[in-house]
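Here is a short report on one protein chain. Look over the sequence and the fold before reading on.

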Amino acid sequence: MPKRERVKPGKWHVSETPEGRIQDWLTAWDKGHWDFVYLKPSPNLVKYFDKVTEGRKGLKILVPHCATTYDLIWLCEQGHSVVGTDLAESAAQRIFKQYKKKPVIEDVPRIAGKLYKNDTGTFKFYVGNFFLFNEDLEGTFDFIWDSKAMCAVDVRDRHDYLKVIRRVMGPRCTMMLEFPKNIFPGAPYHFTEEQLKDIYGDICDVEYQDQYEFEPYKTFHGDMDEEGQPLMEKEEGEEEESIVIVLLNYYLKKRE
């Protein structure tokens with residue numbers, strides 16, 4: 001088994017071209033930089049979900065740049081339809097293993113990728129270039145959970161990311177954003193409240209909610225077994241690393 005590499009926030013390689021940055025992300029997956037395994041949903045998603053969605057049922061939810069977050073499964077279990085997106089096909093394969101469902105797989109030329117979905121279409125995972133995603137694929141959404149997504153996008157690509165998000169926001173769409181309070185030399189990026197209002201303030205009300213400490217190296221890494229549990233293989237001599245990222249949480253509500 002190849003040794004899994006870890007990289008410090010703000011320190012990963014970033015190419016000069018959009019195509020190169022896509023390959024950077026895929027290469028990082030191959031090296032194990034993003035192979036987190038989550039066994040429970042994000043704490044502030046659970047804490048604030050009913051508030052920010054106003055208790056609405058049967059919502060259509062987008063989770064961009066979702067990687068292997070357990071939030072997808074949790075949202076589906078609450079009775080909502082969820083759509084996740086990521087560049088790495090291994091992320092889709094792993095989340096369906098954890099979901100314990102055999103996916104239906106379709107080619108999606110629009111995003112130069114594929115769609116993994118359950119047989120009812122309530123759990124979907126698009127593998128491909130999110131900057132090519134639009135409302136022609138899934139219509140618009142009632143709730144968007146931007147959990148460390150926008151902050152991971154290179155500054156040069158942020159306009160393309162925001163263009164997609166704005167296009168797929170439904171009439172009563174609400175959103176939660178999480179990003180680091182820590183300021184790193186690169187991604188994941190911190191945003192001030194003034195910056196958030198510059199980005200979304202023309203169409204959304206912006207409200208700070210909370211913060212909590214996230215320790216990425218305390219999550220599991222690697223693949224899962226047939227029961228959806230992590231295969232924990234700690235290499236001989238491997239030492240525990242520690243880094244704490246304080247995540248800020250904001251609530252955005254689209255104006256009617």
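## Overview

Of the 256 residues in the protein, 52% are buried. Buried means under 20% relative accessible area, exposed means over 50%, and partly exposed lies in between (1.4 Å probe, protein chains only). This is a predicted model, in which local features need pLDDT of at least 70, side-chain atom pairs count only at pLDDT 80 or more, and totals for chains, interfaces and linings use all residues. Residues are numbered from 1 along each chain as its sequence is written, and side-chain values use heavy atoms, with hydrogens and water left out.

The protein has seven helices and 11 strands. These elements are DSSP runs, numbered from the N terminus: helices are H or I with at least four residues, strands are E with at least two. The protein exposes about 12,700 Å², and carbon and sulfur atoms supply 50% of that area. Accessible areas come from the Shrake-Rupley method with a 1.4 Å probe; for residues, only the protein chains shown count as cover. Take the contacts between residues at least 6 apart in sequence: 74% of them join residues at least 24 apart. Contact here means heavy atoms within 4.5 Å.

## The sheet

Nine strands make an open, mixed sheet. The order is β4-β5-β6-β3-β2-β7-β8-β11-β9. β4 (104-108) and β9 (204-214) are at the edges, each with a single partner strand, so one side of each has no neighbour in the sheet. Neighbouring strands are turned by 20° against each other on average, direction ignored.

Two strands pair if DSSP finds at least two bridges between them. β7 (residues 141-147) and β8 (residues 169-180) pair in the parallel sense over six bridges. There, Phe 141 has Met 169 of β8 as its bridge partner. β2 and β3 are also parallel, with four bridges. Leu 62 is bridged to Val 83 in β3.

## Strand β3 and Thr 85

β3 is mostly covered, with five of its six residues buried. Thr 85 sits in this strand, which spans residues 81-86. Is Thr 85 buried or exposed? Its relative accessible area is 2%, so Thr 85 is buried.

## Cores and helix α4

The largest nonpolar core has 37 residues. A nonpolar core is a set of buried Ala, Val, Leu, Ile, Met, Phe, Trp, Tyr and Cys residues joined through side-chain atoms within 4.5 Å. Phe 123, Phe 125 and Phe 143 have the most contacts inside the largest core. Elements giving two or more residues to this core are α2 (43-52), β2 (60-63), α3 (71-77), α4, β6 (123-127), β7, β9 and β11 (245-254). A second, separate core has 35 residues, among them Val 108, Cys 173, Ala 187 and Tyr 200.

Helix α4 covers residues 89-99. Its buried residues are Ala 91, Ala 92, Arg 94, Ile 95, Phe 96, Gln 98 and Tyr 99. Lys 100 follows α4 and has a positive phi, near 60°.

## Cysteines

How many disulfides does the structure hold? It holds zero. A disulfide is counted when two cysteine sulfur atoms lie within 2.5 Å. For Cys 204, the closest cysteine sulfur is in Cys 173, 7.2 Å away, which is too far for a bond. Cys 204 is buried, because its relative accessibility is 1%. Cys 66 is also buried, at 6%.

## Backbone exceptions

Most residues other than glycine have a negative phi, and most peptide bonds are trans. His 65 has a positive phi, near 50°. His 65 lies in the loop between β2 and α3 and is partly exposed at 21% relative accessibility.

Ala 112 has a positive phi too, near 55°. Its place is the loop between β4 and β5 (113-117). At 66% relative accessibility, Ala 112 is exposed. The peptide bond between Ala 187 and Pro 188 is cis, with omega about 0°. Pro 188 belongs to the loop between β8 and α7 (193-200).

Definitions and conventions:
Axes fitted to C-alpha atoms, helices over the stretch in contact; angles between N-to-C directions.
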